Amino acid sequence: MQDKTLKRNIESAGGWFVGEYAALIRNKFNQLENDKDFKNEFVREVFHTQGRDKDYGGTRTRVNAVLRIIKNNKMIEALEYIIASDRINKEEPKAVKMAKEALGEIKSKQTI
């Protein structure tokens, strides 16, 4: 995955979404990839919880973009991008806080 592709996936998901949901999606990656019913229910739950998309399809696009980031082993770069973004820091501080927590968790597991 090139940086342009990573940026496109972050934009498809929305920086705030990557920050807030990347860790959760990463933790449920195998189920989301292998169980269509689980994935549908997960997307529906996120759609109702976050309430930002007009329809279910928008949330599915966000989830799929994060799944692509994970599949291509670009999670660390994506989280670092979110943390470094002035706009996201200003507009979505919760997403940045969650991205920092997720990044810390990933990096601590790498050192074990």
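Modeller: A helix here is a DSSP run of H or I, at least four residues, numbered from the N terminus. By that rule, Asn9 is found in helix H1, residues 3-13. The model is predicted.

Biologist: Why is Asn9 called buried?

Modeller: Buried means under 20% relative accessible area. Asn9 has 5%, so Asn9 is buried.

Biologist: What makes the pair of Asn9 and Arg68 a polar contact?

Modeller: The cut-off is a pair of N or O atoms within 3.5 Å, one able to donate a hydrogen and the other to accept it. The two side chains, of Asn9 and Arg68, meet at 2.7 Å, and the pair counts as a polar contact.

Biologist: Turn to Asn73. Why does Asn73 count as exposed?

Modeller: Exposed means over 50% relative accessible area. Asn73 has 65% relative accessibility, so Asn73 counts as exposed.

Biologist: Now the packing. How do you know that H2 and H5 are roughly perpendicular?

Modeller: Angles of 65 to 115 degrees count as roughly perpendicular. H2 (residues 15-27) packs on H5 (residues 56-71) at an angle of about 65°, with axes 10 Å apart. H2 and H5 are therefore roughly perpendicular to each other.

Biologist: Which hand has the crossing of H2 and H5, and which residues meet there?

Modeller: The crossing is right-handed. From H2 come Trp16, Phe17, Val18, Ala22, Ile25 and Arg26; from H5 come Arg62, Val63, Val66, Leu67, Ile69 and Ile70. By class, this contact has 10 nonpolar, no polar and two charged residues.

Biologist: What makes H4 and H5 roughly perpendicular as well?

Modeller: The cut-off again runs from 65 to 115 degrees. The axes of H4 (residues 36-50) and H5 cross at roughly 115° and come within 9 Å. H4 and H5 are therefore roughly perpendicular to each other. Their crossing is right-handed.

Biologist: Which residues make the contact of H4 with H5, and how do they divide by class?

Modeller: H4 brings Lys39, Asn40, Phe42, Val43, Arg44, Val46, Phe47 and Gln50. H5 brings Tyr56, Thr59, Arg60, Val63, Asn64 and Leu67. They divide into seven nonpolar, four polar and three charged.

Methods: Residues are numbered from 1 along each chain as its sequence is written. This is a predicted model: local features need pLDDT of at least 70, side-chain atom pairs count only at pLDDT 80 or more; totals for chains, interfaces and linings use all residues. Side-chain values use heavy atoms; hydrogens and water are left out. Axes are lines fitted to C-alpha atoms, for helices over the stretch in contact, and angles run from 0 to 180 degrees between N-to-C directions. Helices (H or I, at least four residues) and strands (E, at least two) are DSSP runs, numbered from the N terminus. Angles under 35 degrees count as roughly parallel, over 145 as roughly antiparallel, 65 to 115 as roughly perpendicular and the rest as oblique. A crossing is left-handed if the near helix is turned anticlockwise from the far one by less than a right angle, and right-handed if clockwise. Contact means heavy atoms within 4.5 Å. Ala, Val, Leu, Ile, Met, Phe, Trp, Tyr, Cys and Pro count as nonpolar, Asp, Glu, Lys and Arg as charged, and the others, Gly among them, as polar. Buried means under 20% relative accessible area, exposed over 50%, partly exposed in between (1.4 Å probe, protein chains only).
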